[in-house]
Structure formats: C-alpha cells, structure tokens
Amino acid sequence: MAKRFFRAILLASALVSLPHLAFAQGEPRSGVKPKPPEAPSKLPKVGADKTKGLDFLFGALKAAPDGVSAKHVEARIWAIWMQTPSDTVALLMSRSKAAMDARQNEVALKLLDSVIKLRPDYVEAWNRRATLYYLQNDYGRSLADIQQVLLREPRHFGALAGLGMIMQDLGEEKRALDAFRKALDVNPHLDKVPELVKTLTEKVEGRDI
C-alpha cells in the first residue's frame, strides 16, 4: 500500500509540470521517437490465476541470471497483462495494434477509447493509449493514462519507463531518474534503461569523486 501511495504521489507531482507541455509538444523532433517497452509479438500461454502468477514472475524477473532468461519471464508477464476474457476487447486491441503499426493513429485512438469504455479495469488499453499519446507528443494525456496504469498495476515497468521518457523530454531530469530507477527496480533487465540511469545520475547527482 505504501509503494502504491508513493507512486501516486510521484505521478501527481509529475502532472504539476504540465504547464511546460505547451512548449514541449510543439517542438519539431528529428529521428524516430523511442517507444516505451511493449509486449512482444508472440506471447506464451499462461494460467488463469493472474495475481499469484504475477507475484511469482516478478520475483523470477529480479532473480533472472541473464537477459535471455529475463526475456522469457518478461514475455509471460506481458501475456498475463494482455489477457482478457472478452473476445470483443481482444479483437479491438488487435485492431488498434494494426492501426498503430500502419500509423493510423486516429483509428487506433478510437479503438482504444472503446476498449477503455468497455473495460476500464483493463490495464493494457490504458498503457497502449498512453504510448500512442506519447508518440504524438501529447504528454498531458499520456501522463494521465500512465497514472491509470500505475494505479492498477504499480509494477508496470513499461509505464514507468514511459513516465521516465516523458519527464526526460520535458527536461525534468530528477523525475525522469526517479521513474527509470523504479522501472529497473521492478525489471533490472530493461533495454537501454540502465544507460539512461547512469547518464541521468551523473547529471542530477554528479560523478563520484
């Protein structure tokens, strides 16, 4: 409960920086915008007991001896997050992914809006919409959706990494560092995040003497 409360406070403080968004969202960007971690294209089958399964898998993720082992565990976590008993939701999520891949962002948004209206408890709809808003530089809406993700699943390393990316884009390096550290605490094997933590630590806290 304490961790969930702390993360809620972090997100609330992050939203205080929204006045900066008017400047950040209009800036032209070069190159390909990096995406937060997302589910792999092929997911393993998992059992129905989500809570017990996730608790075990997050323990295994921290204890994974190497990156290959970690990726197998990570895929199982994503598979549980992606699970839904609703065929309609599964179809809408599949179509939203296809629309995002085809850069049909407005179509993808409408599909995700529909999923969230149908199943507001479904974490991955919030997370995918947060990613889409982030890719559109709509940081205000992305932060709001990230908050919804972390209220439902405080261990969502994809959302935590996304929060770090937004804070970094906004020049909020201390908040970015906090978010990236929390993501690594959950999943020590995230790609590129350790390098980001190292760079930001030197900027925010200085080099060790």
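**Group meeting talk: a pocket, a core and a threonine**

Let's start with the second largest pocket: α4 (67-82), α5 (87-101) and α7 (123-135) each supply at least two residues of its lining. Helices here are DSSP runs of H or I with at least four residues, numbered from the N terminus. This is a predicted model, where local features need pLDDT of at least 70 and side-chain atom pairs pLDDT 80 or more, while totals for chains, interfaces and linings use all residues. Residues are numbered from 1 along each chain as its sequence is written, and side-chain values use heavy atoms, without hydrogens and water.

Back to the pocket. On a 1 Å grid over the protein atoms alone, a pocket is an open set of points where a 1.4 Å probe fits, with protein on both sides within 12 Å along at least five of seven lines; lining residues have an atom within 4 Å of a point. Which helix gives the most to the lining? That is α5, with five residues.

Next, the largest nonpolar core. It has 57 residues. Such a core is a set of buried Ala, Val, Leu, Ile, Met, Phe, Trp, Tyr and Cys residues joined through side-chain atoms within 4.5 Å. Buried means under 20% relative accessible area with a 1.4 Å probe, protein chains only. I77 is among those with the most contacts inside the core. α4 gives the most to this core, with eight residues.

Last, T201. T201 sits in helix α11 (residues 193-205). Buried or exposed? T201 is buried, at 18% relative accessible area. Beyond neighbours within four places in sequence, T201 is in contact (heavy atoms within 4.5 Å) with L177, R181 and G206.

Key. Buried means under 20% relative accessible area, exposed over 50%, partly exposed in between (1.4 Å probe, protein chains only).
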